Each structure stands twice: as C-alpha cells, then as structure tokens.
Amino acid sequence: MPHPHIDFQKEELTEKERRNIDILEILRRRGPLTRPDISKELGINVVTISNYIDDFIRNNLVLEKELDISEGGRRPELLELNPQGGYIIGVGLNLMNMVGLLVDLKGNIITKTQIVRPKPSVKEITECLLEIIREILRRSKEYTSNIRGVGIGIAGLINKKTGSIHWPEKMDHYYTYASVDIPLLNLIEKEFDLPALVENDATCACFGEYWLNLKGQFKNIVYMFSGVGCGIIINGDIYTGTHGYGGEVSIYNYKEEDQLNCTLAQGCFLKRWEVDLGIIDDVRSMLAKDKTLAEKFFRLTSSNPDNVDLKSVFIANRAGDPVAVLALDRAAKRLGIRIAYIVNLLNPEVVVIGGGLEEAGEEFLNKVSLTVKDWAFRETTEELKIIYSQLRENAVAIGAGSLVTQRVFAKLL
C-alpha cells in the first residue's frame with residue numbers, strides 16, 4: 001500500500017502532473033489509441049508523448065499491444081488504460097443514504113455498500129463513514145494490496161490544509177457552525193494506511209458527473225446537491241474559490257433570522273434551507289391539518305407522524321398522493337428560483353440535479369425547469385439544459401473516488 005504521507009489534499013499541480021492527467025484521461029475516455037493519436041490530440045510531439053507513455057507502462061497504468069494490421073514497416077502499438085492498475089475507495093453522503101464504492105481506474109464499480117443516512121451528528125456520521133470503509137475492505141480482500149487511496153465526499157466547509165470540517169448544526173431554529181473535533185483525514189490515513197482526500201459532497205458529485213458522463217459535451221456545469229450547496233465546473237476545471245469554500249448558495253445571520261422571511265420559500269431564497277428543501281416540514285404541516293389525508297398518506301407509505309422521510313414522500317408522490325405531489329411542486333418551485341439566480345450569475349451550459357432528488361420524478365424536474373425559465377434572463381436559459389444526475393446515488397462516492405484517481409494519474413502512484 002502507498003504510505004499515507006502522500007498529500008492528495010494539495011491541489012496545485014506541476015506542468016508534468018497536469019500532462020500526466022491529460023494523457024491518461026484521453027486513454028481512459030477514448031483508448032485504445034496510438035502514440036501519434038495522442039500526439040495529435042494534445043498537440044505535443046510524439047517523442048515527448050512516448051517518454052510519458054514509458055513511465056505509465058512502468059507504473060502499470062497503461063497496457064500496450066500491437067495492431068494486427070499495418071500499412072508496412074513496424075506495426076503501430078495500441079495503448080489503453082489498465083483499469084486493474086489500481087483501485088480506489090470512494091464514500092459519499094447523500095440525502096437519504098451513505099454509499100461506499102470500490103472502483104477501478106476507469107470508474108467501474110467493483111464493490112458497493114450503503115446504509116441509511118445516519119443522524120445529523122458529526123461523530124455518528126464519521127463513525128458510519130469509517131465503518132463503510134472497513135466493510136469495503138472486508139469484502140475486497142483480493143484487491144487490498146492494490147488500493148491507491150480513499151476519497152470522501154461530505155457536507156460542510158472543508159479546510160483543505162487540515163482536512164477538518166465546519167459543519168452546520170441546528171440548535172432550536174438557529175444554525176451554528178462548529179468545527180469538527182474529529183480530524184477526519186488523519187483518522188482515515190492512520191487506520192487504513194492509505195492516502196486520503198476529503199472534499200465537499202456537491203463538488204465531488206459535480207466532478208464525478210463531469211469526468212464520467214459529461215466531459216466532451218460541456219465545460220461549464222453546476223451540480224445542485226439539493227438546494228443547499230452546489231458543485232461548479234468552469235471551463236473544464238473545478239471551481240471551489242480561494243480557499244476551497246465556493247459553492248455554498250445560502251447566506252445566514254442568526255441575529256436577523258426572525259426578520260427575514262418570504263412566504264413562498266418559508267425563508268428567503270438565499271437563506272439557509274433544510275437539506276431536503278423543507279419537503280418533510282411541509283408534508284408534516286399538511287398532514288397535521290387534515291386527518292383524512294394523513295391516514296391515506298400513512299397507509300400508502302407504511303409510515304407514521306414520527307418517521308416521515310423523503311423516501312416515503314417519493315413513494316407517495318409516485319402513487320399520486322395529493323400531499324406529496326403538492327409538497328414536491330412547492331419544493332421544485334423554490335429550487336427553480338434558486339437555480340435561476342445561479343444561472344444568471346454563472347451562465348452554465350447544464351445544471352445537474354442530484355443528491356437524492358432524482359427520486360422525485362420527471363414532473364419535479366419539469367417544474368424546476370419551467371421555474372428557471374420564468375425567473376432567469378431569457379438569454380441565459382435559451383440553450384441551458386437541466387437534467388438529473390446520471391450517477392444518481394453513486395455520484396458523491398464515485399466523484400470522490402474519481403478525484404483520487406486523478407491524483408493517482410498526476411503523481412503516478
């Protein structure tokens with residue numbers, strides 16, 4: 001196993017590391033290719049490309065084989081990424097669950113484990129996260145010797161230098177931001193003897209969608225992880241701001257909390273929302289006012305007033321339950337208005353909606369899209385695409401793993 005002193009958190013890359021990523025990424029997406037193919041694609045002379053390729057082959061990241069057909073002379077060699085050249089563990093926290101994956105260097109899933117989203121306690125979430133990694137290792141013994149690192153996608157503001165997290169916790173009806181006392185990065189590296197990377201959940205999900213699905217189609221992407229935070233890619237590069245805290249789409253001041261309200265959003269559109277867009281509170285409020293509707297909802301979802309969750313709302317919505325349908329309609333409009341603000345600000349090509357909201361169905365997505373068009377400038381929405389995440393519940397975990405894979409490519413670990 002690699003020694004954990006390797007710093008995956010450090011974002012600055014040398015020119016050589018960036019070129020490593022570019023070449024290996026072309027092979028990941030388009031291989032097998034010849035050296036001249038890669039030279040033409042990147043505009044770099046074939047001798048330089050060959051020097052890089054030799055390093056990749058020595059590190060078991062690239063395989064080569066001869067073409068069966070040649071036009072004369074030496075037969076050209078085809079190169080392709082070796083997916084078994086290493087494996088990555090990715091763990092992601094979603095709206096409804098926590099997912100852990102073991103993936104190869106092409107992003108193929110080897111092992112998957114998941115649990116219901118733990119209670120919003122930093123210590124409980126951290127322990128669940130560590131247990132998922134343990135479970136993946138228990139189920140992947142034949143791959144253990146070739147695991148290159150661990151990627152974690154988690155909510156909160158991530159301090160890139162220390163791996164610590166500022167986590168929003170709700171006290172009564174006020175939010176407080178507390179630094180996590182548990183040094184997550186160090187815990188992972190110490191227990192598992194693997195280099196680790198900790199990144200914001202929305203940023204991970206955005207990178208995963210871009211790297212595995214959308215690259216080559218779009219360069220300017222916003223990934224809405226519910227309505228609380230977003231991942232941003234600008235001109236093909238992740239944007240996280242000066243210190244890594246970019247992408248938070250809410251503002252908050254507890255001193256003004258009770259004075260800043262809008263009826264439609266139950267809190268102004270730039271104010272902090274619940275991670276579920278307030279859907280559960282809305283459903284509970286409606287059920288409390290109408291006993292007949294409540295009985296129907298609880299019978300349909302096998303739930304009760306104490307355990308209403310997003311999963312039960314999505315089940316009820318698919319069955320046409322009026323409470324669920326109305327709650328999701330309101331949430332779609334609130335989310336659409338927030339996205340409209342971001343679309344006007346950043347003018348992306350595509351907005352991806354994920355984190356678990358994919359389960360809300362096509363009507364929810366259509367309502368969001370119509371709301372964005374109603375509220376944003378027409379010019380920013382003319383060619384805008386609003387889509388659900390293709391990676392769905394795996395997006396955060398596979399994105400975190402893909403960020404580690406990119407570091408492996410860069411540093412030839």
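How many residues apart are glutamate 25 and arginine 28 in helix α1? They are 3 residues apart in helix α1 (residues 15-30), so about one helical turn separates them.

## What you're looking at

This is a predicted model, so local features need pLDDT of at least 70 and side-chain atom pairs count only at pLDDT 80 or more, while totals for chains, interfaces and linings use all residues. Residues are numbered from 1 along each chain as its sequence is written, and side-chain values use heavy atoms, with hydrogens and water left out.

The protein has 413 residues, and 53% of them are buried (buried means under 20% relative accessible area, exposed over 50%, partly exposed in between, with a 1.4 Å probe and protein chains only). The secondary structure comes to 13 helices and 15 strands; these are DSSP runs numbered from the N terminus, with helices as H or I of at least four residues and strands as E of at least two. Take the contacts (heavy atoms within 4.5 Å) between residues at least 6 apart in sequence: 66% of them join residues at least 24 apart.

Two strands count as paired if DSSP finds at least two bridges between them. Strands β3 (residues 87-93) and β4 (residues 97-104) run antiparallel and are joined by 7 bridges. Tyrosine 87, for instance, has aspartate 104 in β4 as its bridge partner.

## Salt bridges

A salt bridge here is a side-chain nitrogen of Lys or Arg within 4 Å of a carboxyl oxygen of Asp or Glu, and the count comes to 23. Back to the opening pair: the side chains of glutamate 25 and arginine 28 meet at 2.7 Å, N to O. Glutamate 25 is buried at 2% relative accessibility, and arginine 28 is buried too, at 10%. Aspartate 54 and arginine 35 also form a salt bridge, at 3.7 Å, N to O. Aspartate 54 sits in helix α3 (residues 46-58) and arginine 35 in helix α2 (residues 35-42), so the pair ties together parts 19 residues apart in sequence. Aspartate 54 is partly exposed at 33%, whereas arginine 35 is buried at 13%.

Helix α4 (residues 122-138) holds arginine 138 and glutamate 135, 3 residues apart and separated by about one helical turn. Their closest N and O atoms are 2.9 Å apart in a salt bridge. Arginine 138 is partly exposed at 42%, as is glutamate 135 at 24%. Both belong to a network of salt bridges that links Glu127, Glu131, Arg134, Glu135, Arg138 and Glu191.

Most residues other than glycine have a negative phi, and most peptide bonds are trans. Against that background, a cis peptide bond joins glycine 31 and proline 32, with omega about 5°. Proline 32 lies in the loop between α1 and α2.

Leucine 277 has a positive phi, near 65°. It lies in the loop between β13 (237-238) and α7 (279-289), and is buried at 1% relative accessibility. Arginine 392 has a positive phi as well, near 50°. Arginine 392 lies in the loop between β15 (385-388) and α13, and is partly exposed at 35%.

## On the surface

The accessible surface comes to about 19400 Å², and 50% of it belongs to carbon and sulfur atoms. Areas come from the Shrake-Rupley method with a 1.4 Å probe; for residues, only the protein chains shown count as cover.

Ile234, Tyr239, Tyr341, Leu345 and Leu346 form a nonpolar surface patch, with about 490 Å² of accessible area together. Patches are made of residues with over 30% relative accessible area and no salt bridge, joined within 9 Å for like charges and within 5 Å for nonpolar side chains (Val, Leu, Ile, Met, Phe, Trp, Tyr). Helix α10 (residues 322-346) gives the most to this patch, with 3 residues. Leucine 346 is found in helix α10 and counts as partly exposed at 32% relative accessibility.
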